[in-house]
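Subject: Structure handover

Hello,

My notes follow below it.

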Amino acid sequence: MFCLRYAITFCKNGVILKLPQEVVDKNGFNLGVLYKEEKMKLSFRWYGENDPVTLEKIRQIPGMDSIVTAVYDVPVGEVWSRESIAKLKKQTEDAGLNFEVIESIPVHEDIKLGKPSRDRLIENYCENIRRVAEAGIKCICYNFMPVFDWTRTQLDHPLPDGSTSLVYYQSQVDAVNPMNGDSDLTLPGWDASYTREELAAIVAEYNELTEEDLWDNLAYFIHKIIPVARECDVYMAIHEDDPCWSIFGLPRIITDEKNLDRFLALEDDVHHGITLCTGSLGCSAKNDVAKMAYKYAKMGRIHFAHLRNVALVEDGFEERAHLSSCGSLDMFEIVKALHDGGFTGYVRPDHGRMIWGETGRAGYGLYDRALGATYINGLFEAVEKMSK
Ligand code: DNO
């Protein structure tokens with residue numbers, strides 16, 4: 001006697017994305033894996049009920065499978081309430097989409113700094129892993145960038161076709177001193193919950209911290225969270241530093257192949273993996289993104305992929321449409337590398353330009369990301385069929 005633990009589920013557009021995974025006998029003993037999920041799962045970032053890009057709109061993007069979201073009503077470092085998690089799950093599932101990816105559970109600065117308070121904060125982090133896992137989450141994206149997450153110098157840079165996009169010019173970054181609390185100059189992507197003075201104080205705390213110290217603090221964190229992720233069967237997926245070099249003299253370590261190898265060696269466990277962000281790695285010409293995509297997919301360590309293109313320019317980089325011919329990255333080669341490496345994780349279109357007069361959260365409008373999603377679908381369909 002046996003039964004299928006998981007029913008066959010269909011993507012709303014009729015494409016089979018998931019097949020039964022395990023067969024269990026009547027006592028619940030696992031008889032093994034029947035079919036494996038064979039495809040990437042297309043996902044889309046949603047910032048919750050205040051996001052002008054609604055779940056209903058996201059659902060209409062062809063092939064859409066999962067929502068990527070987070071609890072935003074709790075300060076960094078605190079435990080997320082089960083109610084908030086359950087609400088996100090219900091909203092997502094009511095819209096006919098899967099609730100399987102969190103981006104991000106942010107890492108408190110005290111953990112990155114290795115302060116004594118880190119043990120309590122890491123325990124909270126582990127509790128968040130447990131709570132989202134209980135709600136069905138399979139993959140958690142996070143980053144270990146000191147103070148500043150992704151950094152750009154302008155969010156509405158006009159492109160020749162009349163659209164606007166996010167850009168990074170090194171000379172402008174070099175002109176900003178985040179230690180100067182009086183300056184009104186802020187850069188997009190900075191955590192808005194800090195005042196300028198608080199920001200300056202936190203940056204000052206990093207003065208003494210070397211890259212090796214940051215590695216030690218990362219290793220300490222990883223050794224505590226990965227056993228919990230394994231227990232909960234959740235895939236942790238670190239996001240590379242964006243851009244992938246040090247800014248304002250702060251150390252940044254998740255930047256290239258050598259450092260990703262070092263990072264992955266911290267724990268020999270598939271639950272310890274990466275988000276392959278093509279735009280973050282691809283803004284340095286030194287990174288061969290397709291090579292890394294193949295290598296880490298083959299190792300089973302890419303759980304999430306952020307796919308977008310960037311154009312490298314003399315003084316930095318400009319975000320462009322997803323299409324290969326619009327930027328410096330060969331998106332076909334990257335998708336082929338993921339596919340050939342056996343990648344079956346979550347994929348999302350990353351930042352889009354603002355097009356067709358859309359206004360809203362920079363990088364996270366509907367239209368250009370939806371075009372990106374459709375392009376990504378096309379690339380995956382092509383590489384899948386070519387390989388048969
Ligand atoms: C930018 C995003 C990042 C990412 C975090 C992950 O648009 O890709 O902010 O969410 O770095 O923790």
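Predicted model: local features only at pLDDT ≥ 70, side-chain atom pairs only at ≥ 80, totals over all residues.

S7 covers residues 66-69 and runs parallel to S8, residues 98-103. Four bridges join S7 to S8. Isoleucine 67 has phenylalanine 99 as its bridge partner in S8. Threonine 69 is partnered in S8 by isoleucine 102. On the S6 side, three bridges join S6 to S7, and that pair is parallel too. There, arginine 45 stands opposite valine 68 of S7.

**The barrel**

What do these strands belong to? They are part of a closed barrel of eight strands, in the order S6-S7-S8-S9-S12-S13-S14-S17, with parallel pairing. From one strand to the next, the twist averages 30°. Helix H2 (residues 82-94) packs on the sheet and touches S7 and S8. The direction of H2 makes about 130° with that of S8.

For the whole protein, the secondary structure comes to 12 helices and 17 strands. Of the 388 residues, 42% are buried. Among contacts with a separation of 6 or more, 68% are between residues 24 or more positions apart.

Helix H12 spans residues 367-386.

Several H12 residues are buried: Asp368, Arg369, Ala370, Gly372, Ala373, Tyr375, Ile376, Leu379 and Phe380. What covers them? The cover includes strand S6 (41-45), strand S14 (302-307), helix H11 (331-340) and strand S17 (346-349). S6, S14 and S17 are strands of the barrel listed above.

Two numbers are used for the helix pairs. Two packed helices are described by the angle between their axes and the distance between the axes.

H11 and H12 pack at an angle of about 55°, with axes 9 Å apart. H11 is therefore oblique to H12. Their crossing is right-handed. On the H11 side, the contact is made by Met331, Phe332, Val335, Lys336 and His339. On the H12 side, the contact residues are Leu379, Phe380, Val383 and Glu384.

H11 has another partner, helix H10 (residues 289-298). H10 and H11 pack at about 15°, and their axes are 7 Å apart. That angle makes H10 roughly parallel to H11. The crossing of H10 and H11 is right-handed as well. H10 contributes Val289, Ala290, Ala293, Tyr294 and Ala297 to the contact. H11 contributes Glu333, Ile334, Ala337, Leu338 and Asp340.

**Backbone points to check**

Some backbone angles deserve a look. Most residues other than glycine have a negative phi, and most peptide bonds are trans.

Which peptide bonds are cis? One runs from glutamate 103 to serine 104, with omega near -5°. Serine 104 lies in the loop between S8 and helix H3 (109-113). Another cis bond joins aspartate 242 and proline 243, where omega is about 0°. Proline 243 is in the loop between strand S12 (235-239) and helix H8 (257-264).

Positive phi values come next. Valine 147 has phi near 60°, a positive value in a residue other than glycine. Valine 147 lies in the loop between strand S9 (139-142) and strand S10 (154-158). Is valine 147 buried or exposed? Valine 147 is buried, because 20 other C-beta atoms lie within 10 Å, and 20 or more is the cut-off for buried.

Tryptophan 356 also has a positive phi, near 55°. Tryptophan 356 is found in the loop between S17 and H12. Tryptophan 356 is exposed, because 11 other C-beta atoms lie within 10 Å, and 12 or fewer counts as exposed.

Best regards

Note on methods:
Residues numbered from 1 in each chain as written. Pairing = 2+ DSSP bridges. Helix = DSSP H or I, 4+ residues; strand = E, 2+ residues; numbered from the N terminus. Axes fitted to C-alpha atoms, helices over the stretch in contact; angles between N-to-C directions. Contact = placed C-beta atoms within 7 Å. Expected span 1.5 Å × (residues − 1). Parallel < 35°, antiparallel > 145°, perpendicular 65-115°, else oblique. Left-handed = near helix turned anticlockwise from the far one by under 90°.
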